[in-house]
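Please look over the model below before reading on. The briefing covers the sheet, the helices on it, a cavity and some backbone angles.

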Amino acid sequence: MEESLTSDLTEEQSKQLHDLLGNVELSLLYKASVHGYKASAFHKRCDREGPTLLVAYNHSDYIFGGYTSVDYTRNEQYITDEEAFLFSFQGKFPVYIKVNSGHYARYGNAGMPNFGQQLYFCKNNQPVVYIRGGKSFSFNAERFYGNDTVLTECEVYKVKQSKSVIRKSVRRDELMQMMRDHKPLVTSVSRVRILMIGPVGAGKSSFFNSINSIFAGHVTNKAMSGSAGTSLTTQFRTYPVKDGREGKPLPFVLCDTMGLEEQSGAGLDIEDISSILQGHVPDRYKFNPMVPFQPDEYKASRPASLQEKIHCVVYVIDASKISLMSDKLEEKLAVIHREISSLACPYVEKDLYIIYLNSYINSRLGVPVSCVLPVKNYSQELELELNCDILLLAALQQMLRLADDYLDDFLMLESFFQDCARLN
């Protein structure tokens, strides 16, 4: 009967490695003190097991190793793995060393594990660690393992994502693909225009940054955001989102405005909202709270195309401050609601949708519960987080659906007028 394997990691060390890897399960595949420092034993137990974490221990009490998301095999090939990293416990928290961009992470052969043909574990079937020149990982041997090359133990763990994480990852991928595949119902509209309105510091610019981050694959800060007492956004900005750095523009544009303020003569003027909705305000127009936007006579005399108009309006409200909203600001929101509603054609009851991010607003201003979409913006995070991505993408999906309703009603109205013209 095979001997039961016991990890040498302390509970705290195991927790810290879980923090590096995310919500995963670690199961011990190989332990050198049990199975021997032999390449054949390592490959027998670790080949084709998926992502793995190697943990080594030396006489100087250093704990260090590496992660690879690519199976171990004996195929004599260079392995590219952008998720590969090295780690070393130095003090309370492990140091994380990512594989350098453009370099391979491993060389797959019949020997013991190596990272970038630069760092070798149990080389030549001996309990040692060995370094040779290479540029795949940037680390210092003294700091990484105290220059103590003699190992007391070497363990390899299978890294398995929990089923809930896998389901969420699949859901995020599905939502992202839906965004890529979305086609506005009207052929003359190539991209849905979504207008974001809200108080100063509510998170309008951060919402764009968050959506942009998901498709960029890392946290971005393209739109200026923050928590100043007055609006950091002073212009009307239209933000297209690309599918990756070199990818195609996605079929929606997020439009940012100056923040609302409760006092008159400050923040976004209500009259400017009407001009924005009708497609008259150009990108990068700088707002003047004292003087509403005045389109030139030519633009004012011609209606904007459907492509230039706003197809969905989003109210962004900070849920942590909703109970502190002043009566004056709430009254301003109600006035804006009425202003938007007055622009809707009587045949198009659902012309523009207002989305509030808190049920408190729902109860005070009578917005349908189905239009309450809670999200968490990326504001202080350095890395993307699966749960945040799903909430943000689900909210964006609903916005596109509501824009589709608007465009569908436009088509019905257009057909109605065409029928009337034929009858006349």
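**Briefing: sheet, helices and cavity**

Helix H1 (residues 11–21) lies across E1, strand E2 (52–58), E3, E5, E6 and E11, and runs at about 155° to E5. H3 also packs on the sheet, where it touches E1 and E11. The direction of H3 makes about 150° with that of E1. Angles run from 0 to 180 degrees between N-to-C directions, with axes fitted to C-alpha atoms, for helices over the stretch in contact. Contact means heavy atoms within 4.5 Å.

This is a predicted model, in which local features need pLDDT of at least 70 and side-chain atom pairs count only at pLDDT 80 or more, while totals for chains, interfaces and linings use all residues. Residues are numbered from 1 along each chain as its sequence is written, and side-chain values use heavy atoms, with hydrogens and water left out.

**Sheet**

- Helices (H or I, at least four residues) and strands (E, at least two) are DSSP runs, numbered from the N terminus.
- An open sheet is formed by 6 strands in the order E1-E11-E2-E3-E5-E6, with antiparallel pairing.
- E1 and strand E6 (94–98) stand at the edges with a single partner strand each, so one side of each is left without a neighbour in the sheet.
- From one strand to the next, the twist averages 20°.
- Two strands pair if DSSP finds at least two bridges between them.
- E1 and E11 run antiparallel and are joined by 7 bridges; Val24 has Gln161 as its bridge partner in E11.
- E2 pairs with E11 in the antiparallel sense, over 7 bridges; here Leu54 has Val156 of E11 as its bridge partner.
- Strand E3 (residues 63–68) and strand E5 (residues 85–89) run antiparallel, joined by 4 bridges; Phe87 in E5 is the bridge partner of Gly65.

**Helix H3**

- Ala39, Ala41, Phe42, His43 and Cys46 of H3 are buried. Buried means under 20% relative accessible area, exposed over 50%, and partly exposed in between (1.4 Å probe, protein chains only).
- The buried residues of H3 pack against strand E1 (24–31), helix H2 (32–35) and strand E11 (151–161).
- Arg48 follows H3 and has a positive phi, near 55°.

**Cavity**

- The structure holds 1 cavity of 30 Å³ or more. A cavity is a set of points on a 1 Å grid over the protein atoms alone where a 1.4 Å probe fits but cannot get out; lining residues have an atom within 4 Å of a point.
- The largest cavity has a volume of about 50 Å³. A volume is the space filled by probe spheres set on the grid points, which are joined across faces, edges and corners.
- Its lining includes Phe42, His43, Tyr72, Arg106 and Met112.
- Helix H3 (39–46) and strand E7 (106–108) are the elements that give two or more residues to this lining. E7 gives the most, with 3 residues.
- The lining of the largest cavity divides into 5 nonpolar, 6 polar and 1 charged. Ala, Val, Leu, Ile, Met, Phe, Trp, Tyr, Cys and Pro count as nonpolar, Asp, Glu, Lys and Arg as charged, and the others, Gly among them, as polar.

**Positive phi in loops**

- Most residues other than glycine have a negative phi.
- Glu76 is not a glycine, yet has a positive phi of about 55°. Glu76 lies in the loop between E3 and strand E4 (77–79), and counts as partly exposed at 46% relative accessibility.
- Asn125 has a positive phi near 60°. Asn125 sits in the loop between strand E9 (119–121) and strand E10 (129–131), and counts as partly exposed at 37% relative accessibility.

Definitions and conventions: On a 1 Å grid over the protein atoms alone, a cavity is a set of points where a 1.4 Å probe fits but cannot get out, and a pocket is an open set with protein on both sides within 12 Å along at least five of seven lines; lining residues have an atom within 4 Å of a point.
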